[in-house]
Amino acid sequence: MEVLIYSKQNCSFCQKAKMFLSSKGINYSEKKLNEDFTIEHLKSIFPNAKTFPVIVIDGFNIGGLRELQEYFVNNQPNDLKFLTERF
C-alpha cells in the first residue's frame with residue numbers, strides 16, 4: 001500500500017491523519033504546502049480538494065482525515081476483519 005499525504009503547516013487534521021497511519025503501522029510519504037507543492041499545483045491535480053490533508057492511497061484520492069478513517073474501517077484485510085468481528 002502506498003500512502004501520500006498532502007499537508008500544510010499547523011494543520012491539526014494533517015497531524016491526526018499521520019498519527020492515525022502511524023498507529024496502524026502504515027508508512028506514508030508526505031508533501032508539504034509551499035515546500036513540495038503550491039496550492040495552485042494541488043488544485044490542478046485535485047480540483048475538488050477543499051481542505052487539508054489530501055490523502056492518496058495507491059494512486060486514488062480518498063479525501064481527508066474522516067475518509068481515511070472510514071477507508072480503514074471498510075477495507076481491512078480479511079484476517080483483521082475476522083478478528084474484529086469475532087471479538
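## Legends to close-up views of a predicted model

**Figure 1. Overall organisation of the protein chain.** Of the contacts in the protein chain with a separation of 6 or more, 59% are between residues 24 or more positions apart, a contact being a pair of heavy atoms within 4.5 Å. The model is predicted, so local features need pLDDT of at least 70 and side-chain atom pairs count only at pLDDT 80 or more, whereas totals for chains, interfaces and linings use all residues. Residues are numbered from 1 along each chain as its sequence is written, and side-chain values use heavy atoms, with hydrogens and water left out. The protein chain has four helices and four strands, which follow the order β-α-β-α-β-β-α-α from the N terminus. Helices (H or I, at least four residues) and strands (E, at least two) are DSSP runs, numbered from the N terminus. Of the 87 residues in the protein chain, 32% are buried; buried means under 20% relative accessible area, exposed over 50%, and partly exposed in between, with a 1.4 Å probe and protein chains only.

Figure 2. Strand 3 (residues 54–57) and strand 4 (residues 60–63) run antiparallel and are joined by three bridges; two strands pair if DSSP finds at least two bridges between them. Ile57 has Phe60 of strand 4 as its bridge partner. Two residues lie between the strands of this hairpin, and Asp58 in the turn has a positive phi of about 50 degrees.

**Figure 3. The largest nonpolar core.** Twelve residues make up this core: Leu4, Tyr6, Cys11, Cys14, Leu33, Phe37, Leu42, Phe46, Ala49, Phe52, Val54 and Val56. Strand 1 (3–7) and strand 3 are the elements that give two or more residues to this core. A nonpolar core is a set of buried Ala, Val, Leu, Ile, Met, Phe, Trp, Tyr and Cys residues joined through side-chain atoms within 4.5 Å. Leaving out residues up to four places away in sequence, Phe37 touches Tyr6, Ser7, Lys31, Lys32, Leu42 and Phe52. Another core, of eleven residues, lies apart from the largest one and includes Val3, Ile5, Ala17 and Leu21.

**Figure 4. Surroundings of Ser7.** Ser7 belongs to strand 1 and counts as buried because its relative accessibility is 1%. The side chains of Ser7 and Glu30 are joined by a polar contact of 2.6 Å. A polar contact is a pair of N or O atoms within 3.5 Å; within protein, one must be able to donate a hydrogen and the other to accept it, and residues adjacent in sequence count only if both atoms are side-chain atoms. Apart from neighbours within four places in sequence, Ser7 is in contact with Cys14, Glu30, Lys31, Lys32, Leu33, Phe37 and Phe52.

**Figure 5. The salt bridge of Lys18 and Glu30.** Side chains of opposite charge can pair when their charged atoms come close. Here the side chains of Lys18 and Glu30 meet in a salt bridge with an N to O distance of 2.9 Å. Lys18 lies in helix 1 and Glu30 in strand 2 (residues 29–32), so the pair ties together parts that are twelve residues apart in sequence. Lys18 is buried, with a relative accessible area of 11%, whereas Glu30 is partly exposed at 26%. A salt bridge is a side-chain nitrogen of Lys or Arg within 4 Å of a carboxyl oxygen of Asp or Glu, and the count by this rule comes to three.

**Figure 6. The buried face of helix 3.** Leu65, Leu68 and Phe72 are the buried residues of helix 3 (residues 65–74). Seen down the helix axis, these residues fall within an arc of 60 degrees, so they line one face of helix 3; the arc is that of the directions from the helix axis to the C-beta atoms. The buried residues of helix 3 pack against helix 1 (12–23), strand 3 and strand 4. Arg66, Val73 and Asn74 are exposed on the other side of helix 3.

**Figure 7. The salt-bridge network of Arg66.** Salt bridges link Arg66, Glu67 and Glu70 in a network. The closest N and O atoms are 3.0 Å apart in the salt bridge of Glu67 with Arg66 and 3.8 Å apart in that of Arg66 with Glu70. Arg66 and Glu70 both lie in helix 3, four residues apart, about one turn of the helix. Arg66 counts as exposed at 54% relative accessibility, while Glu67 is partly exposed with a relative accessible area of 26% and Glu70 is partly exposed with 41%.
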